[in-house]
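This briefing is meant for a reader who is meeting the structure for the first time. Please keep the sequence and the 3D view at hand while reading the points that follow.

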2 protein chains.
Amino acid sequence: MSTTESPESGVRGRTRRAILGAAASLLARRRGATLAEIAEAADVGRSTLHRYFPDRDELMRAVVDDSVEAIGRSVEGAAIGDGPPLEAMRRLVAAMVESGDRIMFLWGDPRVLEEYGPRARWGDAAEEDCEGDERFADDPVLDLIRRGQAEGVFDAELSPEWIQHTLWSLVFTGVEDADKGLLPRHGVTATVIRTFENGIRSPAG
Amino acid sequence: MSTTESPESGVRGRTRRAILGAAASLLARRRGATLAEIAEAADVGRSTLHRYFPDRDELMRAVVDDSVEAIGRSVEGAAIGDGPPLEAMRRLVAAMVESGDRIMFLWGDPRVLEEYGPRARWGDAAEEDCEGDERFADDPVLDLIRRGQAEGVFDAELSPEWIQHTLWSLVFTGVEDADKGLLPRHGVTATVIRTFENGIRSPAG
DNA sequence: TATTTTTGGGACAGCAATGTCCCGAAGAGA
DNA sequence: TCTCTTCGGGACATTGCTGTCCCAAAAATA
């Protein structure tokens, strides 16, 4: 190990990922899930869980970080900076749907991002007057939305933030419906894209 | 009413409504809020709260029932059975936005409707194979959606249930954003309607 | 004013979740 | 095989929420 952070040491890395994955998946569906339940879902003893994450808060922070990273990687793979905005947006939706569990975890409880969000990385003492938006100033998703608006493809009367929230919201709803069996898993992306782009109005009408 | 249910007796009715309102408002924003917090928000002693609702479950059921009724009344006032579907839908959105707190409470936690939903009214032992949809068979909102589809106004390739979920989801997001100050309170309805109807595509494009 | 209802708060026991510690067993690596 | 690490589970004290009971004060009603 280098200094403080254990990198990805074969054993600990695997266990750690197992815990984070199980936690995200379970917490997405049952917030307030017990640590014992999370441990069980991860197929790990409660002691082990405590060994990796001393208390609930640290676990939450880690799961949030991990989820943000996972989604980030997925989004990165969509290369939303390239090509026509509409097509980039479709790739983005697909990427987000693929990270279904993480999306449900992060978006399912607004508090989660507020309390354990990226802010933590900057140190917690920083309670500046940041209205909570500038930290997303370089968000590639917002960039894409602005680009689409500038090119006249996306509705410019809607604020980029609102469009972004709509996106998250629809993806979340789609993933959730699929999770409940109300929507076929393979059709989620198409349905979300269709609704997101055109709304519910009949294309014919 | 006469026998078991206390009707609306001036005093008890007022206290009851205060508790239900405060509970919905608080639980909408902080699920897992303590009974003590709810009592405080309702400006009532914890004893009094327990006097009206013996335990947490009964309170939850009551808040759900109350919220469903409140929204129902609001929706009823929108007369969504009359007139062109598109205009009816706009009235519906406006009505739902007006019930912001209740919407946030009911939609914010999917579990809430599953555990304390209308099913409770039928008796809890009824665990028939109802896939959970037939109970909404006569839902006026679904009726409106189907009507709109039949008239060629709403996208017929989207399932009515999906459209309904989209509707709830967008209204929820709008109300939530307004709650956080990200969206001007008076513009929520228009923004939601615009997005819901047309998606994010530029009308010009 | 007198009576009944309603209320608020304190005291209390029960309970489930949490966090800590320890030890023997299983597993990985040399 | 030997050694070091990691693991699972039990035991334990602690904490915070819950639900119950009681009583005096405040409010409503007659």
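Which residues of α6(A) are buried? In this predicted model, the buried residues of α6(A) are A:Gly100, A:Asp101, A:Arg102, A:Ile103, A:Met104, A:Phe105, A:Leu106, A:Trp107 and A:Gly108.

**Chain A as a whole**

- Chain A contains 10 helices and 0 strands, and its pattern along the sequence reads α-α-α-α-α-α-α-α-α-α.
- Among the 205 residues of chain A, 36% count as buried.
- When contacts in chain A with a separation of 6 or more are considered, 59% of them are accounted for by residues 24 or more positions apart.

**Helix α6 of chain A and one of its residues**

- Helix α6 of chain A, which spans residues 100-108, is mostly covered, with 9 of its 9 residues buried.
- The cover over the buried residues of α6(A) includes α1, α4 (56-77), α5 (85-98), α7 (110-116) and α9 (160-180) of chain A.
- A:Gly108 lies in helix α6 of chain A, and it counts as buried because it has 20 C-beta neighbours inside 10 Å.
- If residues up to four places away in sequence are not counted, A:Gly108 touches A:Ala28 and A:Arg31.
- A:Gly108 and A:Asp155 stand 47 residues apart in sequence, and their C-alpha atoms are 26 Å apart in space.

**The nonpolar core**

- The largest nonpolar core has 101 residues, and those with the most contacts inside it are A:Ala23, A:Leu92, A:Val171, B:Ala23, B:Leu92 and B:Val171.
- One of these, B:Val171, is in contact with B:Val93, B:Met96, B:Val97, B:Ile103 and B:Val192, once its neighbours within four places in sequence are left aside.

**How the two chains meet**

- In the contact between the chains, 32 residues of chain B are in contact with 32 residues of chain A.
- On the side of chain B that touches chain A, α9 (160-180) and α10 (188-198) of chain B each supply at least two residues, and α9(B) gives the most, with 10 residues.
- By class, the residues on this side of chain B divide into 14 nonpolar, 12 polar and 6 charged.
- Chain B is superposed on chain A by a rotation of 180 degrees with 0.0 Å of shift along its axis, at an RMSD of 0.1 Å, and that is the relation of a two-fold axis.
- The C-alpha of chain B nearest the axis belongs to B:Gly199, 1.9 Å from it.
- Because 100% of the interface residues of chain B are also interface residues in chain A, the copies meet through the same surface.

**The surroundings of the DNA strands**

- DNA strand C is surrounded by 18 residues, of which the closest are A:Asp55, B:Thr15, B:Gly45, B:Ser47 and B:Thr48.
- Two or more residues of the surface near DNA strand C come from each of α1 (10-29), α2 (35-41) and α3 (46-52) of chain A, and likewise from α1 (10-29) and α3 (46-52) of chain B.
- DNA strand D is surrounded by 18 residues, the closest being A:Thr15, A:Gly45, A:Ser47, A:Thr48 and B:Asp55.
- For the surface near DNA strand D, the elements that give two or more residues are α1 and α3 of chain A together with α1, α2 (35-41) and α3 of chain B.
- The surface near DNA strand C has 6 nonpolar, 8 polar and 4 charged residues, and the surface near DNA strand D divides into 6 nonpolar, 8 polar and 4 charged.

Conventions:
Residues are numbered from 1 along each chain as its sequence is written. Chains are lettered from A and ligands numbered from 1 in the order in which they are written. This is a predicted model: local features need pLDDT of at least 70, side-chain atom pairs count only at pLDDT 80 or more; totals for chains, interfaces and linings use all residues. A residue is near a molecule or strand if its C-beta atom, placed from the backbone, lies within 6 Å of it. Helices (H or I, at least four residues) and strands (E, at least two) are DSSP runs, numbered from the N terminus. Ala, Val, Leu, Ile, Met, Phe, Trp, Tyr, Cys and Pro count as nonpolar, Asp, Glu, Lys and Arg as charged, and the others, Gly among them, as polar. Two residues are in contact if their C-beta atoms, placed from the backbone, lie within 7 Å. Copies are superposed by least squares on the C-alpha atoms of residues with pLDDT of at least 70 in both. A nonpolar core is a set of buried Ala, Val, Leu, Ile, Met, Phe, Trp, Tyr and Cys residues joined through C-beta atoms within 7 Å. A residue is buried if 20 or more other C-beta atoms lie within 10 Å of its own, exposed if 12 or fewer, and partly exposed in between; C-beta atoms are placed from the backbone.
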